[in-house]
Amino acid sequence: MNDHPPIPDQDAWNAWSPAQLSRRLDGVSGPWCVVGGWALDLWLGSKTREHDDLEFTVLREDLGIFRRKLGYMAFYTVNDGVIEPLPADRDPAPEIFQIWCFDRAAGCWRADMMIEPGTNDTWVYKRNPEMTRPRIEMVSLGADGIPHLNPSAVLLFKAKHRRTKDEEDFARAQPGLPLSERQWLKDCLNRLHPGHDWIQAL
């Protein structure tokens with residue numbers, strides 16, 4: 001007999017906005033930041049498109065702090081498309097880097113909590129841990145005080161999949177990238193994705 005409740009519908013997303021997430025995480029001591037498409041919009045200063053979800057990162061060592069802060073949520077690990085409940089008394093396995101947050105009362109997913117491999121002081125690129133930068137260079141506060149990942153790093157993540165929304169995000173963000181960040185992204189693409197179309201555009 002299976003005592004686990006059924007996995008919620010994977011498409012049942014009604015994600016928080018970054019401001020709603022920020023209010024719920026008010027007072028949390030560990031570093032966190034919005035990533036993905038929402039991070040680009042926070043950097044640009046306005047919402048440029050619809051977002052299916054809301055992604056933010058936390059350090060693995062701080063995960064317990066964030067789970068307690070969002071204690072009214074149910075947490076589910078996501079790994080290679082497999083979603084499994086994460087019991088309150090259990091830590092995720094080392095190979096888990098993604099946790100979906102389900103709002104029991106509302107019956108929908110609210111946020112995608114990503115575990116990043118960095119430290120309080122150092123940002124580490126999850127797909128190549130040899131690539132690091134000081135966190136202070138990679139996380140900024142918008143005018144509303146919400147921390148978000150540097151756009152060059154967001155685009156580095158997006159470069160792998162080349163979805164339509166990623167191409168559109170690049171087209172919107174590329175003109176405003178500072179020269180130093182443009183060069184950093186170009187160097188990263190040459191190293192990780194040689195021949196990528198964005199290299200020429202940068």
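Buried means under 20% relative accessible area, exposed over 50%, and partly exposed in between, with a 1.4 Å probe and protein chains only. The model is predicted: local features need pLDDT of at least 70 and side-chain atom pairs pLDDT 80 or more, while totals for chains, interfaces and linings use all residues. Residues are numbered from 1 along each chain as its sequence is written, and side-chain values use heavy atoms, without hydrogens and water.

**Cysteines**
- The structure holds 0 disulfides, a disulfide being a pair of cysteine sulfur atoms within 2.5 Å.
- Cys108 is in no disulfide, and the nearest cysteine sulfur, that of Cys101, is 11 Å away.
- Cys108 is buried, at 6% relative accessibility.
- Cys188 is buried, its relative accessible area being 4%.

**Largest pocket**
- A pocket is an open set of points on a 1 Å grid over the protein atoms alone, where a 1.4 Å probe fits, with protein on both sides within 12 Å along at least five of seven lines; lining residues have an atom within 4 Å of a point.
- The largest pocket has about 960 Å³ of space, a volume being the space filled by probe spheres set on the points.
- It is lined by 35 residues, with Glu55, Gln98, Asp112, Met114 and Arg127 closest to its centre.
- Its lining has 15 nonpolar, 7 polar and 13 charged residues.

**Second largest pocket**
- About 160 Å³ of space lies in the second largest pocket.
- Its lining has 12 residues, and Thr77, Glu84, Pro85, Leu86 and Arg90 are nearest the centre.

Methods. Nonpolar A, V, L, I, M, F, W, Y, C, P; charged D, E, K, R; others polar.
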